[in-house]
Amino acid sequence: MEATKADVVAPAAGAGAGHVGGGGAKSKTSSPSLRRCIVDNTDKCADAVLAKVEMDRKLSMIKAWEESEKSKAENKAQKKMSSIMSWENTKKAAVEAKLRTREEKLEKKKAEYAEKMRNQIAAIHKEGEEKRASVEAKRHEAILKYEDMAAKHRSKGTTPAKKFLGCF
């Protein structure tokens, strides 16, 4: 009995060499010679079918290996990226901490300098007050002196002498 195209099915990956035909789904082979071999049902054709199955198995294994290697490479790159990010964050934190300490030192120096300047301003103000008080006291003494001299001139009836050329 000769098998027709509708009756021929490609063997499963683990099927024996003697089972080329059978029932079930139609064969979807890509090569015309393989289709002809399936219809002829000879040992030579069975070897071709087995070779096709073996090739499919190898391609499947290669694809699985490729996916595994890609996954390994992806995981390795991800691990390196993670360690780089961790390193970067650590370095940034150290620099930011150093920056904060320097800013704190500068703020402290700025506050100390501002206090020093306020103290200098207070000292200048105090000195100015003292000088003003001294001038005020001298002015008050001069006024009293001239009031006394005016009282003497009034009591004696004399006029004060003007010195136009006081340096000659």
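**Entry 1: E69 and its partner.** I then noted that the side chains of E69 and K72 meet in a salt bridge at 3.4 Å, N to O, the term being used for a side-chain nitrogen of Lys or Arg within 4 Å of a carboxyl oxygen of Asp or Glu. Both residues lie in helix α2, three residues apart, which is about one turn of the helix.

**Entry 2: what I am working from.** I remind myself that this is a predicted model, in which local features need pLDDT of at least 70 and side-chain atom pairs count only at pLDDT 80 or more, while totals for chains, interfaces and linings use all residues. I number residues from 1 along each chain as its sequence is written, and I take side-chain values from heavy atoms, with hydrogens and water left out. As for confidence, I read an average pLDDT of 82 for the protein, with 71% of the residues scoring at least 70, pLDDT being the predictor's confidence in each residue, from 0 to 100. Over residues 1-27 the pLDDT is below 50, and beyond near neighbours in sequence this stretch has 27 contacts in the model, a contact meaning heavy atoms within 4.5 Å.

**Entry 3: overall make-up.** I find two helices and zero strands in the protein, taking helices (H or I, at least four residues) and strands (E, at least two) as DSSP runs numbered from the N terminus. Buried residues make up 8% of the 168 residues, and the protein exposes about 15000 Å², of which carbon and sulfur atoms supply 59%; accessible areas come from the Shrake-Rupley method with a 1.4 Å probe, and for residues only the protein chains shown count as cover. Of the contacts with a separation of 6 or more, 29% are between residues 24 or more positions apart.

**Entry 4: further salt bridges.** By the rule noted above, I have a count of nine salt bridges. One of them joins K52 to D56, with the closest N and O atoms 3.0 Å apart; because K52 and D56 are four residues apart in helix α2, about one helical turn separates them. K52 counts as partly exposed at 30% relative accessibility, and D56 counts as partly exposed at 37%. I also looked up E88 and K92, whose side chains meet in a salt bridge at 3.4 Å, N to O, and which, being four residues apart in helix α2, are separated by about one helical turn. E88 is partly exposed at 34% relative accessibility, as is K92 at 42%.

Entry 5: In the model, the chain over residues 92-123 is 100% helix and 0% strand, with its end C-alpha atoms 46 Å apart.

**Entry 6: a nonpolar patch.** Last, I noted a nonpolar surface patch of about 300 Å² made by M55, L59 and I62; patches are made of residues with over 30% relative accessible area and no salt bridge, like charges being joined within 9 Å and nonpolar side chains (Val, Leu, Ile, Met, Phe, Trp, Tyr) within 5 Å. L59 lies in helix α2, residues 43-156, and counts as partly exposed at 47% relative accessibility.

Methods. Buried < 20%, exposed > 50% of the residue type's maximum accessible area, 1.4 Å probe, protein only.
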